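Hello,

Here is the structure I promised to pass on to you. Have a look at it first, and then read on for my notes.

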Amino acid sequence: MQKYIDLRSDTVTKPSPEMRKFMMEAEVGDDVFGEDPTVNKLQEMVAELLGKESALFVPSGVMGNQTAIKAHTEPGDEVIVEAESHIMNYETAAPSMLSGVQLYPIQGKYGVITVDQIKKAVRPKAYYMPRTRLICLENTHNRAGGTIYPIDEIKKIREFALENGIKMHLDGARLWNACVATGISPKEYAQYFDSVLVCLSKGLGAPVGSVVAGDREFIEKVRRYRKIFGGGMRQVGILAAAGIYAIEHNIDRLKEDHQKAIFFAEEISKLKVFDINLETVQTNIVIIGVEKTGKTPDEILKMLKDNGVLLSSGSYMKIRAVTHLDVSMEDIKQAVEIFYKLFG
C-alpha cells in the first residue's frame, strides 16, 4: 500500500496510541440524560477555556454552527457572513434549510470584514425587509488561507452589534491556531461573541467532535436543536475523552504546524508556476494558485497524488495544503522535493 504525505486537511489525523488508551478507559453514561461524566467534564472544560457559562458537545462543526444560528434567529431573519466563509460555502445551504434565514455575504480581505462594511449591510428597520439578527465571523479563516481575524476589528464590530441589538457568533473551528499564533487566549477572543464554536478534530487530533459555548439559556436552546437535527448521542464519553486529551496535550504543539506551513509556502512560492500570497500564511493552511501551470487544479492534484502527495482543491484555480500533527517536517521537505521534481 502506497504511503502518502497527506496535506488535504488537518482532519485526516489518526488518534495516537495515548489518545486511544485514554478513550478506552473513559467513564461513560447516557448523554441524552446528561449522565455521561466524560462529556460533562469536556463541556465544563471548554466553557471555562472560553469564559462562557455553558457548553455542549456536538458531532461536527457544521452542526455546531447550525444549532447556534438556529438558536439565535427566527425564520425570515438575515445573517451577515463573509463571502468566502465556511458557513456560506461549505455547509450545504443549511441556514436556509434548517433555520429559514437568509445570508448576507460581504467580501472581505483575507477573510476579514470590517465594521464599516457591516454597518452598510445592516437592514433598515422596515417591515418589508429582513431583520439583521446575527453576525458570524470565522477565525482562523479557512478559505483565505488560515488567516487570523484582528482582535481590534472584532472589538469594533462587537461594540456596533451591541448598540444595534445584533448577536455575534464565532466559527472558531481553528480558533486554537489563532490563539497559538497570536498569544491571545481563547477567553479573550470569545468575550466578544454571544456564542463560540470550537472543533476538536481540526489540528488537535481528535477523531470527531466540536463544542458550542454560550450562556446557559442559549445552550439549552442548542441542546434542543441538536436533538432535532439528530445529534443526540448516548455513551459518547468515549469520543469526548479524545477531546479532553486533545485539549490537554495538542494545543501548544500547533506552533509546529505553523512552522511547517511557512516553510512549505516559502519553498513552493519559489516555483514560478505557482502563486502563493505569503502574507496569508499565518497558521497551518497554504493556498496555492495554479493558473500559470496551464493545468486545472484536478490535473495538478492527480499529478501530486501519483507521486505520493495529497492536497485538496481550494477555490477557483487554487489548491490547498494543510499541515497537522501527522506530518513531520521531514514529510514536508519530501513533499517540497516532489513539487520541484514535477514543476521545477
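Are Phe-274 and Phe-343 buried or exposed? Both Phe-274 and Phe-343 are buried, where buried stands for under 20% relative accessible area, exposed for over 50% and partly exposed for anything in between (1.4 Å probe, protein chains only).

Before the rest, a word on how to read the values. This is a predicted model, in which local features need pLDDT of at least 70 and side-chain atom pairs count only at pLDDT 80 or more, while totals for chains, interfaces and linings use all residues. Residues are numbered from 1 along each chain as its sequence is written, and side-chain values use heavy atoms, with hydrogens and water left out.

**Aromatic pairs**

The structure holds seven aromatic pairs. Rings of Phe, Tyr and Trp (its six-membered ring) pair if their centres lie within 6.5 Å; planes under 30 degrees apart count as stacked, over 60 as edge-to-face and the rest as tilted. One of the pairs is Tyr-127 with Tyr-128: the ring centres are 5.2 Å apart and the planes stand at 80°, so this pair is edge-to-face. Both of these tyrosines, Tyr-127 and Tyr-128, are exposed.

Phe-274 and Phe-343 also form an edge-to-face pair, at 5.0 Å centre to centre and with 80° between the planes. Phe-274 lies in the loop between helix 12 and strand 9, and Phe-343 in helix 14 (residues 329–343), so the pair ties together parts that are 69 residues apart in sequence. Helices (H or I, at least four residues) and strands (E, at least two) are DSSP runs, numbered from the N terminus. Phe-274 and Phe-343 belong to one aromatic cluster with Phe-264 and Phe-339.

There is a charge over a ring as well: Arg-143 lies over the face of Tyr-316, at 5.5 Å from the ring centre. The test for this is NZ of Lys or CZ of Arg within 6 Å of the ring centre and within 35 degrees of the ring normal.

An open sheet of three strands has the order 9-12-11, with antiparallel pairing; two strands pair if DSSP finds at least two bridges between them. At its edges are strand 9 (285–289) and strand 11, each pairing on one side only. Strand 9 is joined to strand 12 (residues 318–322) over five antiparallel bridges. Within that pairing, Ile-285 stands opposite Val-322, and Ile-287 stands opposite Arg-320.

Why is strand 9 largely enclosed by the rest of the structure? Five of the five residues of strand 9 are buried. Ile-285, Ile-287 and Gly-289 point one way from the strand, and Val-286 and Ile-288 the other way. In a regular strand the side chains alternate between the two faces of the sheet.

Helix 12 (residues 254–268) lies across strand 9 and strand 12, running at about 15° to strand 9. For such angles, axes are lines fitted to C-alpha atoms, for helices over the stretch in contact, and the angles run from 0 to 180 degrees between N-to-C directions.

**Two buried polar residues**

Ser-312 is in strand 11 (residues 312–313) and is buried, with a relative accessible area of 15%. A polar atom of the Ser-312 side chain lies 3.1 Å from the backbone oxygen of Arg-8. Leaving aside neighbours within four places in sequence, Ser-312 is in contact (heavy atoms within 4.5 Å) with Arg-8, Leu-301, Ile-319 and Arg-320.

Glu-267 is found in helix 12 and counts as buried, at 19% relative accessibility. Its side chain makes a polar contact of 3.1 Å with the side chain of Lys-270. A polar contact is a pair of N or O atoms within 3.5 Å; within protein, one must be able to donate a hydrogen and the other to accept it, and residues adjacent in sequence count only if both atoms are side-chain atoms. Beyond neighbours within four places in sequence, Glu-267 is in contact with Val-336 and Tyr-340.

Another open sheet has seven strands in the order 2-8-7-6-5-3-4, with mixed pairing. Strand 2 (54–58) and strand 4 (102–106) stand at the edges with a single partner strand each, so one side of each is left without a neighbour in the sheet. The twist averages 20° from one strand to the next.

Best wishes
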